[in-house]
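Take a moment to look over the sequence and the fold. Then read on for a guided walk, from the whole chain down to single residues.

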Amino acid sequence: MTLMLPDTAFDALDVPQLGHQPEDAERRILLAARLIQLGVLACRRLDRPLKVTTLLPLVERIEALDALAIDFAAVVLPAEAWQRIAAKLAGFGERSIPRAYQGRDKRIPALWLYLREAPCENPEASRLLDGFASACRYDSAHYNAILANLAGEGILESAAVQVLERLDGGSENGSAAIEKEGSA
């Protein structure tokens, strides 16, 4: 059976929230497709390799996704933004960090707070940062469990192949890189 991405997979970058109950298959596939898109678009901006084997580790664990979001934000936000983010960090006590962000990189909630006050002026970067914000709001244990399940079912890899093909416009170079990687 071939995995089919939902028709809405490429309409936006916001990541759907899945509860603790089994969700319908289309929402889980949409989650995978949107996370992979975030990874692809961020890697392009960061000049990182775009292969299934390099993309999946960037989204399979919340810690890696947090790091990718920070790396992307570091490239698109001005230095003054990081000074304000650092000031927010200095004011964080362990109790002031929302539960979902506890035990994670404290720059993540500081970044989202900063962006609420001073949105990114670049529309494409802003769209991507909004997508990261929707993904990073997951509780780490819940996110990691969902992604482990999706990876175990082969959904992540299949979604990655399809997203790469779609975002590469079906170019020969993109398809060849995917095929070579799959046969290795």
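This is a predicted model: local features need pLDDT of at least 70, side-chain atom pairs count only at pLDDT 80 or more; totals for chains, interfaces and linings use all residues.

Residues are numbered from 1 along each chain as its sequence is written, and side-chain values use heavy atoms, with hydrogens and water left out.

Begin with the secondary structure. The protein chain has nine helices and zero strands. Helices here are DSSP runs of H or I with at least four residues, strands are runs of E with at least two, and numbering starts at the N terminus. Read from that end, the order is α-α-α-α-α-α-α-α-α.

Next, ask how much is covered. Of the 184 residues in the protein chain, 45% are buried. Buried means under 20% relative accessible area, exposed means over 50%, and partly exposed lies in between (1.4 Å probe, protein chains only). The accessible surface of the chain comes to about 9600 Å², and 51% of it belongs to carbon and sulfur atoms. That area comes from the Shrake-Rupley method with a 1.4 Å probe; for residues, only the protein chains shown count as cover.

Contacts tell us how the chain folds back on itself. A contact means heavy atoms within 4.5 Å. Take the contacts between residues at least 6 apart in sequence: 71% of them join residues at least 24 apart.

Now look at α1. This helix has 21 residues and reaches 31 Å from its first C-alpha to its last, close to the 30 Å expected at 1.5 Å a residue. The expected span is 1.5 Å times one less than the number of residues. Helix α1 is mostly covered, with 15 of its 21 residues buried. Just after α1 comes D47, with a positive phi of about 55 degrees. D47 is not a glycine. Most residues other than glycine have a negative phi. D47 lies in the loop between α1 and α2. It counts as exposed because its relative accessibility is 71%.

Helix α6 spans residues 123-136. Its 14 residues reach 20 Å from first C-alpha to last, close to the 20 Å expected. At its start, a side-chain oxygen of N122 comes to within 2.9 Å of the backbone nitrogen of E124. Which residues of α6 are buried? They are A125, S126, L128, L129, G131, F132, S134, A135 and C136. An α-helix has 3.6 residues a turn, so residues three or four places apart point the same way. The buried residues of α6 pack against α1 (25-45), α3 (62-76), α5 (107-117) and α7 (140-152).

In soluble globular proteins, nonpolar side chains tend to be buried together. Beyond its neighbours within four places in sequence, F132 is in contact with L38, A42, L65, L68, A69, F72 and W112.

L13 counts as buried because its relative accessibility is 4%. The C-alpha atoms of L13 and G131 are 118 residues apart along the chain, yet separated by 4.9 Å. Leaving out residues up to four places away, L13 touches R34, Q37, L38, L41, R127, L128, G131 and S134.

Finish in the loop between α6 and α7, where R137 lies. Is R137 buried, exposed or partly exposed? It counts as partly exposed, because its relative accessibility is 40%. Leaving out residues up to four places away, R137 touches V15, Q17, A100 and Y101. Its side chain reaches the backbone oxygen of V15 at 3.5 Å.

Conventions. A polar contact is a pair of N or O atoms within 3.5 Å; within protein, one must be able to donate a hydrogen and the other to accept it, and residues adjacent in sequence count only if both atoms are side-chain atoms.
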